[in-house]
Structures are given as structure tokens and as C-alpha cells.
Amino acid sequence: MKDNRQKLLVLVGPTAVGKTALSLQLARHLDAEIISGDSMQVYRGMDIGTAKVSPEERAIVPHHLIDIRNPDEPYSVSDFQQACEEAIRSIASRGKIPFIVGGTGLYIQSVVYGYRFSEAGQDEEYRRELKAYAEQHGAAALHERLRAVDPDTAARLHINDLRRIIRALEVHRLTGRTMSEYLAEQPAESPYRTCLIGLTMRRDLLYRRIEERVDLMIEQGLVQEVEGLLSRGYGPGLISMQGLGYKEIVGYLQGEYSLEQAIELLKRNTRRFAKRQLSWFRHMKGIEWVDMTETENFVSNVARINDIIYGKLFVD
């Protein structure tokens, strides 16, 4: 039976695995437009630390959902889902293939599987109580409270991801149900005809690439980028400024440790982040994994990926 659902190409994988270079080549070959599936690239002025595609690269292939918020403006998974679905419709209307590329698992899953988000509402007083608790006892203590009621959600959220930890606790308080229970009830069938490609790499090589990327970010001016954000009034307490690459440099600028220590901390945190990304994507259904360890076989990897895409999206 012919599948008349909208075609959707998705490329996922951990940071530094090579998604950007591959996505540009695939997009040109397939006449696709790229939608960023990265929760940090939405913020204006946060370019180096998010490894944002350059203006030159964006001139080659149109990109969407980049530079759409100021660093002090809220942005949630439901915001992403709505904006991404609009971008998919717009791209398809031009006869192009929508192509999501990124590493923020929940954001991408929300679109691929058409998640219905909890209508639990909000309890602002409880949120303030939880924020005060975190300030008094530390983020780890709040994370432990979530672990006590929803260990699955706690396992996938970083200790410093206060916004999502608070939301998960809030949902549990308002509904008596956990966020992981809501996720387990999400639709099993995608509203799209999807092709999901996942990139992986031998761990030691991935970690070396991560360390090289961090060194390059420092050379490109990451410290100056963070200084500029702080000087424009974007304080370290903002969700955006708690992002990987920003909180570590803020600590250096505030005199908590040396630049050398900040760089080592960023490398360590990025390695841990990549490990969590891989764990998340391993639990996503339907991903076709491609090992990019042998970078000299890039051409053969691209050929294999093209075969996967053709079979998933163009053969009925």
C-alpha cells in the first residue's frame, strides 16, 4: 500500500560525531532544507558554544529554527514541536524534503512521534518553592527528589537541568503521574513517513573529537562570546546560560577556577553529555545506525546512507 504521509528525514547522534558536514552534503543531494533539532541553537548570540552552522553554510542550504529566541526568552519542547511542524509544512509546500538534524532527543522525538504533552497546567507557587529548595540545598538535592518519584525521568535529565526537573516534579504533584508514564503512552506510529539515521563512532575517537572541538571553540573566541552575553545583561541564572559551554566559562569569568580548569571541565561535561545522547537515541525506535569511526570511508558511508534514505522514503 502506498504511504502518503509527509516524508521526513532525521539525522541524530552525539555531539562532535559529524552531523553537520554530513547533513550539508545530504541536503544538497536530496534538495532538502534543514531544521535544527538542537535546543541551544535557537538562541541569538550563542554561536560558538553551540557549534552553530555558519552563515556561509546556511547560504548553501536553508536552515530553520536557528536564532529565533533571545537568551532570556523561554523555549520549551512544546514550542519546538509547534515551530518544527510549521517548518515541515512550509518546506514541503516548496517541494523540498524536511530534514531534522540535531542531538536533542526529546525535541526530535516529540515531532517524529507526534507527542501529546501533559495538560497538567502549572503551579507557580510550587515552582517557586522548588527553585528556592534548589538554591538552598543545591541542584543535586532537587534532582534526588525527582529520582525518588520518577527515576526514569531523573536518569535522562542532567542534574543542572532545573527547568525540566521542576516541570517533572510539577506534573507529578498536579496529576499523581510521572513524566515517564506520559512518555510511555505516546503514539507508537509516526504521523510522518520517516527515515531516521543515527551516527555513532568508537568511543575513544568520539572523545578525541570532542576535545578537539572544545579547543577550537576556545580559539574561535568562546570566552569573549560569553563575556559579551554577560555584558548585555544575560545573567548566569538563565536557562540558556546554564547550557554546555556557557556555564563552564561563566565559572571561569567569575573567578571560581582557572581557564585551564574551565576547559577541562567543559571537555569532561561534553563527554558525559555525548554518552547521555547516545543512551537516549539507543532507546528510540527505527533508527538506522551508521558507524562513522573510519572517517576515511566517508564516501562509502554517504553511499550507504543514501541507500537507506531511498529505501525508506522513495520505495513503496
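Which residues make a nonpolar surface patch of about 290 Å²?

What we have on screen is a predicted model, where local features need pLDDT of at least 70, side-chain atom pairs count only at pLDDT 80 or more, and totals for chains, interfaces and linings use all residues. Residues are numbered from 1 along each chain as its sequence is written, and side-chain values use heavy atoms, with hydrogens and water left out.

So, the patch: Tyr 310, Phe 314 and Val 315 make it. Patches are built from residues with over 30% relative accessible area and no salt bridge; like charges are joined within 9 Å, and nonpolar side chains (Val, Leu, Ile, Met, Phe, Trp, Tyr) within 5 Å. The areas come from the Shrake-Rupley method with a 1.4 Å probe, and for residues only the protein chains shown count as cover.

Tyr 310 and Phe 314 form a stacked aromatic pair, 6.2 Å centre to centre with 25° between the planes. For the cut-offs, rings of Phe, Tyr and Trp (its six-membered ring) pair if their centres lie within 6.5 Å; planes under 30 degrees apart are stacked, over 60 edge-to-face, and the rest tilted. Tyr 310 is exposed at 52% relative accessible area, while Phe 314 is partly exposed at 37%. Here buried means under 20%, exposed over 50%, and partly exposed in between, with a 1.4 Å probe and protein chains only. Phe 314 sits in the segment after α14 (298–313); helices (H or I, at least four residues) and strands (E, at least two) are DSSP runs numbered from the N terminus.

Now, how many aromatic pairs does a search of the whole structure find? Three. One of them is Tyr 75 with Tyr 107, a tilted pair at 6.3 Å centre to centre and 50° between the planes. Tyr 75 is in the loop between β3 (63–64) and α3 (77–93) and Tyr 107 is in helix α4 (residues 105–112), so this pair ties together parts 32 residues apart in sequence. Tyr 75 is buried at 3% relative accessibility, and Tyr 107 is buried at 1%. Together with Phe 80, Tyr 75 and Tyr 107 form one aromatic cluster.

The charged end of Arg 173 sits over the ring of Tyr 126, 4.2 Å from its centre, and that of Lys 285 sits over Tyr 113 at 5.7 Å. To count, NZ of Lys or CZ of Arg must be within 6 Å of the ring centre and within 35 degrees of the ring normal.

Last topic, salt bridges: the structure holds 18, each a side-chain nitrogen of Lys or Arg within 4 Å of a carboxyl oxygen of Asp or Glu. Among them, Lys 96 meets Asp 31 at 2.9 Å, N to O. Lys 96 lies in the loop between α3 and β4 (97–102) and Asp 31 in the loop between α1 (19–30) and β2 (32–36), so they tie together parts 65 residues apart in sequence. Lys 96 is partly exposed at 28%, and so is Asp 31, at 40%.

Asp 161 and Arg 164 meet at 3.0 Å, N to O; Asp 161 is buried at 16%, whereas Arg 164 is partly exposed at 22%. And for anyone who likes networks, salt bridges link Asp 47, Lys 52, Arg 58 and Asp 67 into one.
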